[in-house]
Amino acid sequence: MMSCVEYTGVRLSDLLKEAGIKPEGKWILPEGADASGMSRSIPVDLAMDDCFVAYAQNGEALRREQGYPIRLVVPGCEANMWVKYLRRIYVHDVPMQHREETSKYTELMPDGTAQRFSWYMEANSVITYPSPDFKMQGPGKYFVRGLAWSGRGKVAHVDVSFDGGKNWKEAHFTSPVLDKAWTRFEVEWDWDGSEAFMMSRVTDETGYVQPPMPQMRKLEGTNNVYHRTAMVTWRIHAWDGGKNGGMIENVQY
Ligand SMILES: Nc1nc2c(c(=O)[nH]1)N[C@H]1C(S)=C(S)[C@@H](COP(=O)(O)O)O[C@H]1N2
Ligand SMILES: [Mo]
């Protein structure tokens, strides 16, 4: 089963070449046709790499909410750059310092400076089953499933812990492993009914390992809201016959 959202479109590199982009053109500014005229500065190298202008999603015309008639697709990068209702692309020699790359989509670091142009999404993963709002049905065998991805290429492996990160078990992939795409994983678990803290940790092909939340906070502080890609923890309450036991909640670990 594929777990990707599939877009169909035209390579941005073809459009830029067709339009006669000059060597001094180093940055593009795609602009939306919505009231905000949303725009982001994107380096030409990135634009020429694997960006494209999409007109279809999962085999049908883009829906209005997703940018009909056309939107930009910037594989591996934060969604804010995927400008919808695309109406114009400016070419410049410098970035344009627009709202979405100055007051927004920057990370305020612990030393008070702001990190900017942090386009790529770090490797990330999440357990989708079982997860909060699902109640365990009692001790027994569970096929724990989730999604992993990396903005920098393919995922290499995923480990799952049931005791808050002390012990890890390698999951296997149940979908194709593609560049910068959701990848499904699964791991078998015999739940003995005791309290559990479930986490997943992805490693991508660059060797990057998804960090625990305390480690990410130490590096990035607590003001960073856009790239919070540390591991999340699902707490499973000990089995008590089904009253509250088996309840799952998201806890900071
Ligand atoms: N024109 C335009 N494009 C836009 C936006 C917008 O407000 N206007 N929002 C951006 C943000 S912040 C996100 S998260 C994604 C959401 O894309 P989706 O609707 O396909 O989930 O679109 C991006 N593209
Ligand atoms: Mo967003």
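A salt bridge, as I use the term today, is a side-chain nitrogen of Lys or Arg within 4 Å of a carboxyl oxygen of Asp or Glu. Keep that in mind for Asp50 and Lys180. Their side chains meet in a salt bridge, at 2.8 Å from N to O. One caution before we go on: this is a predicted model.

Let's start with the layout. The domain assignment gives domain 1, residues 7–105, and domain 2, residues 124–251. Seven residues from domain 1 and four residues from domain 2 make the contact. The centres of the two domains, taken over C-alpha atoms, are 32 Å apart.

How much area is buried between domain 1 and domain 2? About 430 Å². Carbon and sulfur atoms give 52% of that area. Now look at the domain 1 side. Gly76, Glu78 and Tyr105 lose the most area to domain 2 there. Together they account for 71% of what that side buries.

Sort the domain 1 side by class, and the residues touching domain 2 are two nonpolar, one polar and four charged.

Next, salt bridges over the whole structure. How many does a search find? The count is 13. Let me walk through a few.

Take Glu78 again. Glu78 forms a salt bridge with Arg40, and their closest N and O atoms are 2.9 Å apart. Where do the partners sit? Glu78 lies in the loop between β6 (71–73) and β7 (86–92). Arg40 lies in the loop between β2 and β3 (42–43). So the pair ties together parts that are 38 residues apart in sequence. Are these two buried or exposed? Glu78 has 5% relative accessibility, so it counts as buried. Arg40 counts as buried too, at 1%.

Now over to Asp190 and Lys141. They form a salt bridge, with the closest N and O atoms 3.5 Å apart. This one links two strands. Asp190 lies in β15, residues 183–191, and Lys141 in β11, residues 140–149, so parts 49 residues apart in sequence are tied together. Asp190 counts as exposed, at 53% relative accessibility. The cut-off for exposed is over 50%. Lys141 has a relative accessible area of 48%, so it is partly exposed.

A further pair is Arg235 and Glu195. Their side chains meet in a salt bridge, at 2.8 Å from N to O. Arg235 lies in strand β17, residues 233–236. Glu195 lies in the loop between β15 and β16 (196–204). So this pair ties together parts that are 40 residues apart in sequence. Both partners count as partly exposed: Arg235 at 24% relative accessibility, and Glu195 at 39%.

Salt bridges that share partners join Glu31, Arg87 and Arg88 into one network.

Pro30 is found in strand β2, residues 27–32. Its relative accessible area is 0%, so Pro30 is buried. What is Pro30 in contact with, leaving aside its neighbours within four places in sequence? Its contacts are Met38, Ser39, Arg40, Ile42, Leu72, Val83, Leu86, Arg88 and Ile89. Two of those names have come up already: Arg40 pairs with Glu78, and Arg88 belongs to the network. Pick out Val83 in your view. Val83 and Pro30 are 53 residues apart along the chain, and 6.7 Å separates their C-alpha atoms.

Gln57 next. This residue is found in strand β4, residues 52–57. With a relative accessible area of 15%, Gln57 is buried. The cut-off there is under 20%. Leaving aside neighbours within four places in sequence, Gln57 is in contact with Val5, Glu6, Tyr7, Leu62 and Gln66.

Last stop, Thr183. Thr183 is found in strand β15, the strand that also holds Asp190. Thr183 is buried, with a relative accessible area of 0%. Which backbone oxygen lies 3.2 Å from a polar atom of the Thr183 side chain? The one of Ala181.

To close, go back to Asp50 and Lys180, and find their salt bridge in the model.

Key: Residues numbered from 1 in each chain as written. Chains lettered and ligands numbered in written order. Predicted model: local features only at pLDDT ≥ 70, side-chain atom pairs only at ≥ 80, totals over all residues. Heavy atoms only, no water. Domains from an automatic or database assignment. Contact = heavy atoms within 4.5 Å. Buried area = accessible area lost by both parts, 1.4 Å probe. Nonpolar A, V, L, I, M, F, W, Y, C, P; charged D, E, K, R; others polar. Helix = DSSP H or I, 4+ residues; strand = E, 2+ residues; numbered from the N terminus. Buried < 20%, exposed > 50% of the residue type's maximum accessible area, 1.4 Å probe, protein only. Polar contact = N/O pair within 3.5 Å; in protein donor to acceptor, adjacent residues only side chain to side chain.
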